[in-house]
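Let's take a walk through a protein model, one piece at a time. Have the picture open while you read.

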Amino acid sequence: MTHAHITAWAVAILLFMIAVFQERKQAKTKIIHMILRLFYLLIIGTGAWMLHSIASIPALYVVKTIVGIWVIFAMEMILVRKKKGKSTNVFWLQFTVAFVLVLYLGLKLPLGFYIFS
Ligand code: HEM
């Protein structure tokens, strides 16, 4: 499930970047955005599956989940606000902070790859 989770968020980030660049060119992003939303569900689904595999859920896992949802929230806000022509600076900042944090937490927690001790 770790690999499915990583694949899901890696594809989502890629789709998000494509949507951002398309939006800059004022091209249509509706379909990419719809597929991206499907990947949000896959990220949450695979994450929830991993949570399900552990007997009791330590606090750091709760933080990881919240920050993961925060990344998704920031991506969605950036795309929706871009479409409306509103400023996205605050959400880019949130996206960057949350993404770095979620990578750190994901790799620190013991399932799957374990880089930071
Ligand atoms: C875009 C959002 C997200 C990103 C970039 C992300 C990233 C990661 C990364 C890098 C790992 C480490 C994989 C490994 O150790 O091999 C991981 C593990 C995990 N993620 Fe996510 N994640 C996101 C969203 C979520 C969400 C929404 C949930 C909960 C529903 C979640 C739950 C988990 C769990 C339970 C693990 C296993 C932690 C462990 O290694 O012990 N993630 N994630």
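Predicted model: local features only at pLDDT ≥ 70, side-chain atom pairs only at ≥ 80, totals over all residues.

Now try the cut-off on phenylalanine 95. Its relative accessibility is 6%, so phenylalanine 95 counts as buried.

## Who sits around phenylalanine 95?

You'll find phenylalanine 95 in helix 4, which covers residues 89-108. Which residues does phenylalanine 95 touch, leaving aside its neighbours within four places in sequence? The list is Ile13, Phe16, Met17, Val71, Ala74, Met75 and Ile78.

How far is phenylalanine 95 from methionine 1? Along the chain they are 94 residues apart, while their C-alpha atoms are separated by 24 Å.

## A look at helix 3

Helix 3 runs over residues 59-83. With 25 residues at 1.5 Å each, helix 3 should span 36 Å, and because its end C-alpha atoms are 36 Å apart, the model agrees with that expectation. After helix 3 comes glycine 85, which has a positive phi, near 75 degrees.

The buried residues of helix 3 are Tyr61, Lys64, Val67, Gly68, Val71, Ile72, Ala74, Met75, Glu76, Ile78 and Leu79. What do they pack against? Their partners are helix 1 (2-24), helix 2 (30-52) and helix 4.

## The nonpolar patch

Trp70, Phe73, Leu93, Val97 and Leu101 make a nonpolar patch of about 440 Å². Helix 3 and helix 4 are the elements that give two or more residues to this patch. Helix 4 supplies the largest share, with 3 residues.

Take tryptophan 70 as one of the patch members. This residue lies in helix 3.

## What the record says

The UniProt record, an unreviewed entry, places the feature "transmembrane region" at residues 6-22, 34-55, 61-79 and 91-116.

How do two of those spans look in the model? Residues 6-22 are 100% helix and 0% strand, and their end C-alpha atoms lie 24 Å apart. Residues 34-55 are 86% helix and 0% strand, with end C-alpha atoms 34 Å apart.

Note on methods: Residues numbered from 1 in each chain as written. Heavy atoms only, no water. Helix = DSSP H or I, 4+ residues; strand = E, 2+ residues; numbered from the N terminus. Buried < 20%, exposed > 50% of the residue type's maximum accessible area, 1.4 Å probe, protein only. Contact = heavy atoms within 4.5 Å. UniProt positions renumbered as here; feature names shortened; annotations may be inferred. Patch = residues over 30% accessible without salt bridge, like charges linked within 9 Å, V, L, I, M, F, W, Y side chains within 5 Å. Areas by Shrake-Rupley, 256 points an atom, 1.4 Å probe, with all protein chains shown as cover. Salt bridge = Lys/Arg side-chain N within 4 Å of Asp/Glu carboxyl O. Expected span 1.5 Å × (residues − 1).
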